[in-house]
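Subject: Aromatic rings in the structure

Dear colleague,

I am passing on the structure below, and would ask you to look at it before reading the notes that follow.

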Amino acid sequence: MSIFALTILILLLLRAVVQFRLEQLNQRHARTHENAIPAAFRDTMDDATYRKSIAYTLAQSRFSQFEIGYDLAVLLLVLFSGWLPFSCHAFVATLGNSAGAMAAYLFAMGIVLSLAGLPLQWHHQFRLEARFGFNTTTPKLWWLDRLKGLVLAVLLGYPLLLLILKLVEWTGAYWWVWSWACLMLVQLVMSVLAPVLILPLFNKLTPLPEGSLRDRLLALGERTGFTARNILLMDGSKRSRHSNAFFTSLGRWRKIVLFDTLVQQLTEPELEAVLAHEIGHYKKGHIPKMLAFSALASLVGFYALAWLARQEWFYEWFGHNQPHVALALLLFGLVSGLVTFWFGPLSNFWSRRYEYQADAYAREAVGEAAPLVGALRRLSEKNLSNLTPHPLYSAFYYSHPTVIEREQALKL
């Protein structure tokens with residue numbers, strides 16, 4: 001085994017051990033609080049609901065532990081069994097090593113690897129989520145979603161892979177800069193087109209009916225200088241009882257989308273506060289800052305990929321004596337998470353700072369903190385959120401502060 005292969009093996013095991021340990025810490029932390037409802041929730045959450053939230057947290061965590069072991073086993077099998085070089089040699093022998101053929105190989109490997117995760121996705125949706133009353137989808141709809149995703153991957157993913165491999169042929173040593181630029185352009189175009197062409201393939205979007213809620217939300221937009229083309233209601237309830245709200249698209253194409261479950265669960269003042277929070281992200285410039293950071297991270301990733309693509313030892317570990325960028329792209333995609341995992345706490349720290357700022361903006365926009373506090377409490381109750389996660393677990397996995405932390409910040 002080469003030094004590089006041994007390093008990858010050690011990093012794989014180390015990440016899995018840390019992930020498993022984080023789940024253990026969070027489970028123990030949850031059990032220490034299972035008999036004491038946090039003071040902020042004693043007037044809004046009954047004992048039965050709180051105990052159910054603890055049970056949901058523990059069930060999710062146990063499932064995550066199994067998933068960690070399962071994903072590790074699949075990745076070890078893929079990387080160290082010799083299956084990748086065997087499949088690549090067979091593919092090249094059949095179709096050749098043109099850009100089109102190698103793009104097809106990458107796409108096929110992505111499909112095969114995604115199939116390995118289907119049993120766990122099924123169990124999570126139809127066993128775990130159903131046990132706690134969240135699942136509302138049907139097996140037919142579940143499979144239809146995945147079929148649509150596959151068709152979209154063929155129509156969008158394969159051409160993008162082909163373009164990147166063609167850019168290697170066309171632009172030489174700086175292919176990675178051109179590939180990054182094309183990827184950024186595609187993402188920008190899709191941010192405009194996806195809400196119009198793709199989102200309706202999965203969900204029905206209807207204008208929010210005329211009435212006091214629509215008037216209240218439009219008045220908030222006028223008051224804060226935030227305009228959107230429309231306020232839409234999405235039928236999220238046909239898949240889950242979890243709820244959400246978000247913006248789609250950019251600039252003058254921007255739309256506000258509310259899950260129907262969110263409208264069912266919150267009062268009008270609380271919905272106004274939730275929308276004010278989302279507007280806060282826009283007014284504080286969080287979205288372009290996050291896009292810029294993502295673009296920079298992608299550029300660094302493409303540079304690292306281009307460097308690895310020039311190293312013979314990288315392909316020797318793969319078991320291939322004819323280097324090709326497509327092979328480097330595949331291996332990079334499989335192992336890059338071993339590095340990015342450790343940057344999770346830094347990314348989440350940055351994200352939580354933005355959440356606090358958006359909360360503060362919402363408090364000022366609606367004139368008080370009570371509606372937002374009420375919305376956060378109600379959503380935590382309806383979603384059986386873990387109210388007291390272990391601090392280290394929260395650092396690695398929570399992009400948002402806990403409800404209790406957000407309440408404390410709103411009182412300052």
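Rings of Phe, Tyr and Trp (its six-membered ring) pair if their centres lie within 6.5 Å, with planes under 30 degrees apart counted as stacked, over 60 as edge-to-face and the rest as tilted. By that rule the structure holds 21 aromatic pairs. In one of them, the rings of Trp-122 and Phe-126 have centres 4.3 Å apart and planes at 35 degrees, so this pair is tilted.

This is a predicted model, in which local features need pLDDT of at least 70 and side-chain atom pairs count only at pLDDT 80 or more, while totals for chains, interfaces and linings use all residues. Residues are numbered from 1 along each chain as its sequence is written, and side-chain values use heavy atoms, with hydrogens and water left out.

Phe-126 is buried, at a relative accessible area of 12%, and Trp-122 is partly exposed, at 26% (buried means under 20%, exposed over 50%, partly exposed in between, with a 1.4 Å probe and protein chains only).

Another pair joins Trp-176 and Tyr-303, whose ring centres are 5.3 Å apart with planes at 70 degrees, so the pair is edge-to-face. Here Trp-176 is buried, with a relative accessible area of 15%, whereas Tyr-303 is partly exposed, with 46%.

Ring pairs also link Phe-4, Trp-307, Trp-313 and Phe-314 into a cluster.

With kind regards
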